[in-house]
Amino acid sequence: MSQQVEPLDVEALREDFPILQREVNGTDLVYLDNAATTQTPEQVIGAITDYYRNYNANVHRGIHQLSQEASIAYEEAHDRVAEFIGAAGREEIVFTKNTTESMNLVAYAWGLNELGPGDEVVLTEMEHHASLVTWQQIAKRTGADCKYIPITDEGRLDMDAARELITDDTAMVSAVHVSNTLGTINPVSELADIAHDHDAYMFVDAAQSVPNRPVDVEAIDADFLAFSGHKMAGPTGIGVLYGKEHILEEMEPYLYGGDMILKVTFEDATWNELPWKFEAGTPNICEGIALAAACDYLDDIGMEAIQRHEAELAEYAYDRLTEWDDVEVYGPPADDRGGLVAFNVEGLHAHDLSSILNDYGVAIRAGDHCTQPLHDVLGTAASARASFYLYNTKEEVDELVDAVDEARELFS
Ligand code: C6P
């Protein structure tokens, strides 16, 4: 990260987010559930209302003015997202519903056709269910096997094991970039190199990285990469699948119907050009356009500055929480993690903790965070998780820690 990155003017940025003004249980909201969903700035809300007030119409279907305006804005949103992650162009950007759908798209459209007995899909022990369950089930249907790269005691990927597990039998390596539970930042570019040495594809789950750090698909050399709009100051209902053009070109469609076709007869059909071949039916037009507005918003702030801000908050939270002997924070050390801390307080269930924190207006997530097998490895069924974004402050981390302390007192 460059040394010249200016710190964020968080107080000014908070003004962009109307929801941060609200109270919960008679006290100011402290929103620390950003790994689940981030809040939405006026700039993105404005793009949504502008669409519905001024040019709401279906895309690629009408010759009339409104449809043309909507089509252009929707298509250009693909260009904007391509630019945001360093893709070559809109051909490589498929809009989906979310990260989960992006993974299912590849698993069904590529995996069902290409995998068979003897093939292996290599995942990590820290995969989100979105990739773990998807590949597991596709493997069952095709006779392929899933292998899991283990984690070290520090919560990092065991890269020696990775080099042994990825072999010429590997067809796909699918790894999370930043773990939504451990906060580990995985060496996805190194994994891509190993995968490519064995002629396997590399799928990067970037749900927790694209929102908060510069991500360049070409630098990583990812074959596929997925993320969600609602975790990056954008709306719900929109996700992205990046795929290298030549691979998407060779893949069969995932869903059939309107807009994804070129020519249809009673006997057969041919497919539209990329990316529309993978966007059957009326898409989430407004949400796609608003995602482009979110990209503008984040780029204006600066992705390196957002990354640094989150890392500082996570480090501070880690240091404060680990001052207590009865608190266990999962994952790598304070100075080398993404913007979240998952933890447990001895003798206090994460759900109870979250409920007490809610009394203080502090929103965190409690549960398995859709990483049940990882929680099995950690030896716990659930954890509490605080996750930060560009609008969170050190004072809010203090409020979190104070509320955790109250809960410890209550249960001791
Ligand atoms: N994790 C969390 O609270 P969707 O739900 O499709 O937008 O994103 C799925 C997903 C995939 N990969 C990772 C690494 C994720 O963190 C998520 C979403 C949320 O941690 C909801 S479970």
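This note goes through the domains, a helix pair, the salt bridges and some backbone details of a predicted model.

1. Domains. The domain assignment divides the protein chain into domain 1, made of residues 10-37 + 302-411, and domain 2, which covers residues 45-300. The centres of the two domains, taken over C-alpha atoms, are separated by 28 Å, and 35 residues of domain 1 are in contact with 34 residues of domain 2.

2. A pair of packed helices. Two packed helices are described by the angle between their axes and the distance between the axes. Here helix H10 (residues 285-301) packs against helix H11 (residues 303-321) at an angle of about 75°, and their axes are 6 Å apart. Because angles of 65 to 115 degrees count as roughly perpendicular, H10 is described as roughly perpendicular to H11. On the H10 side the contact is made by Leu-298, Asp-299 and Ile-301, while H11 contributes Met-303, Ala-305 and Ile-306. Of these contact residues, 5 are nonpolar, none is polar and 1 is charged.

3. Side chains of opposite charge can pair when their charged atoms come close. Over the whole structure, 17 salt bridges are found. In one of them the side chains of Glu-396 and Arg-14 meet, with an N to O distance of 3.4 Å. Since Glu-396 belongs to helix H14 (residues 394-411) and Arg-14 to helix H1 (residues 10-14), this pair ties together parts that lie 382 residues apart in sequence. Glu-396 counts as buried because its relative accessibility is 4%, and Arg-14, at 14%, counts as buried too.

4. Which residue forms a salt bridge with Asp-33? The partner is Arg-385, and the closest N and O atoms of the two are 3.6 Å apart. Asp-33 lies in the loop between strand S3 (30-31) and helix H2 (42-55), whereas Arg-385 lies in strand S17 (residues 383-387), so the pair ties together parts that are 352 residues apart in sequence. Asp-33 and Arg-385 are both buried.

5. Glu-75 is in helix H3 (residues 65-84) and Arg-90 is in the loop between H3 and strand S4 (93-96), 15 residues apart. Arg-90 counts as partly exposed because its relative accessibility is 23%. Elsewhere, salt bridges that share partners join Arg-80, Glu-83, Asp-296 and Asp-299 into one network; Asp-299 is also among the H10 residues that make the contact with H11.

6. Backbone details to check. Most residues other than glycine have a negative phi, and most peptide bonds are trans. The peptide bond joining Leu-274 and Pro-275, however, is cis, with omega about 0°, and Pro-275 sits in the loop between strand S12 (269-271) and H10.

7. Positive phi values. Are Asp-199 and His-369 buried or exposed? Asp-199, which is not a glycine, has a positive phi of about 60° and is found in the loop between helix H7 (188-197) and strand S8 (201-205). His-369, also not a glycine, has a positive phi of about 55° and lies in the loop between strand S16 (365-367) and helix H13 (372-378). Asp-199 counts as exposed because its relative accessibility is 73%, whereas His-369, at 0%, counts as buried.

Key: Residues are numbered from 1 along each chain as its sequence is written. This is a predicted model: local features need pLDDT of at least 70, side-chain atom pairs count only at pLDDT 80 or more; totals for chains, interfaces and linings use all residues. Side-chain values use heavy atoms; hydrogens and water are left out. Axes are lines fitted to C-alpha atoms, for helices over the stretch in contact, and angles run from 0 to 180 degrees between N-to-C directions. Helices (H or I, at least four residues) and strands (E, at least two) are DSSP runs, numbered from the N terminus. Angles under 35 degrees count as roughly parallel, over 145 as roughly antiparallel, 65 to 115 as roughly perpendicular and the rest as oblique. Contact means heavy atoms within 4.5 Å. Ala, Val, Leu, Ile, Met, Phe, Trp, Tyr, Cys and Pro count as nonpolar, Asp, Glu, Lys and Arg as charged, and the others, Gly among them, as polar. A salt bridge is a side-chain nitrogen of Lys or Arg within 4 Å of a carboxyl oxygen of Asp or Glu. Buried means under 20% relative accessible area, exposed over 50%, partly exposed in between (1.4 Å probe, protein chains only). Domain bounds come from an automatic or database domain assignment.
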